[in-house]
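Reader: Please show me the structure. Then take me through the sheet and the chain contact.

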2 protein chains.
Amino acid sequence: MEIKVVKDILGANEQIAQKNRQLFDSNHVLAVNLMSSPGAGKTSLILETIKRLKGKTRVGVVEGDISSSLDAEAIGKEGVPVVQINTGGECHLDANMTSTALGSVPLKDVDLLLIENVGNLVCPAEFALGEHKKILISSTPEGDDKPFKYPLMFHEADVVLINKIDLLPYLKFNTDAFSRAIKGINQKVEIFPISCTTGEGIEKWVSWLLTQMSRRQS
Amino acid sequence: MEIKVVKDILGANEQIAQKNRQLFDSNHVLAVNLMSSPGAGKTSLILETIKRLKGKTRVGVVEGDISSSLDAEAIGKEGVPVVQINTGGECHLDANMTSTALGSVPLKDVDLLLIENVGNLVCPAEFALGEHKKILISSTPEGDDKPFKYPLMFHEADVVLINKIDLLPYLKFNTDAFSRAIKGINQKVEIFPISCTTGEGIEKWVSWLLTQMSRRQS
């Protein structure tokens, strides 16, 4: 019975996700779904990405949080359109919440939509939002065993950003072992080590985004 | 409709949690539910706690994970009874999973039961397991804004352990502001800064545990 309810929810979610995808495509918007543990650096990555894309592409942001609008306020200061979703306790965004938020995003004036999911390594992996790419930010202080413990999230990701590499000298974190563990779960994934604090690696991530956008437009 | 389903689930969970609590009490076991984001240090804390309590009290562990038994294997090496729960995708432990696991825990030979929940700052806060105390481990690299973003978890906690204080020199983390934010949500909470890497603060946490146990036995 419980399984049937879950199937119904995921089926309904998938239908709305497809409508969101059509809306992105008809507006020539690349939509990416940013997922991570709490505090792994989703908002910092969005801020760094916006700064580097200024004058190159038009960015919009959807901010998902259980409560508070702290992140949306920080992003709004960068002068890009940002819409806050407060899930009211739900531990993930879903396609319907995203659809509602899209009503407030000026999609005709956006080339790249960054959707920040709720900080959680479990449930967000199960709910498509209509995004073109799923991005997982995994930060070094969380430890290099996370692919074994949250395999679905690592399996679903198109890109894994290893964030906070500036802290590596102070941690027991084996980047090679971590990357091998990810590739064991997900052969197609691309992995970029980054630091939102020092800026290291961010250019490669931004280049990847620009490549995805040019591929979609050609 | 959805709300009713959720209420039914929580109601059923509460009944089983009460039975678990009776089982703990009849065996004179103090049960604590350890919750945190992924990689905040639950397993490290359990290992440090076991080492310091050797010869003082008999510890047992229930290990909750979505998949893998890495943590249970590490804890088993310390020579304490440990039972693994694999939730098979569920993002939290519940009272029923705990009840099933308790069938394999030698409660008569245990004074303190440490229950490690799934790494998640959202859903575990909603599901009582029958525990006497809820412990939240919040690590400094996650940032000092977490109480605003995951308020239910901070509201439910009896103790917040601020872990990874050895990394403070390399982070923007205001311990005073963090503590004030927690107290704003939860006046009764006790807060201990700790480092499982250097051992700083662990003795105070262990003293707190011993005090709770002696209060229950007197």
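Author: Two strands pair if DSSP finds at least two bridges between them. Helices (H or I, at least four residues) and strands (E, at least two) are DSSP runs, numbered from the N terminus. This is a predicted model: local features need pLDDT of at least 70, side-chain atom pairs count only at pLDDT 80 or more, and totals for chains, interfaces and linings use all residues. Residues are numbered from 1 along each chain as its sequence is written, with chains lettered from A and ligands numbered from 1 in the order written.

Reader: Over how many bridges do strands E2 and E4 of chain B pair?

Author: Strand E2 of chain B covers residues 59-65, and strand E4 of chain B covers 112-116. Val59(B) has Leu112(B) as its bridge partner in E4(B). The two strands run in the parallel sense, and the count of bridges is five.

Reader: Which strands of chain B stand at the edges, and why is one side of each left without a neighbour?

Author: The open sheet of chain B has seven strands, paired in parallel, in the order E3-E2-E4-E1-E5-E6-E7. Each edge strand has a single partner strand, so one side has no neighbour in the sheet. They are E3 (82-86) and E7 (190-193) of chain B.

Reader: Which helix of chain B gives the most to the side that touches chain A?

Author: In contact (C-beta atoms, placed from the backbone, within 7 Å) are 27 residues of chain B and 27 residues of chain A. The top contributor on the chain B side gives three residues. That is helix H5 (residues 146-149) of chain B.

Notes
Contact = placed C-beta atoms within 7 Å.
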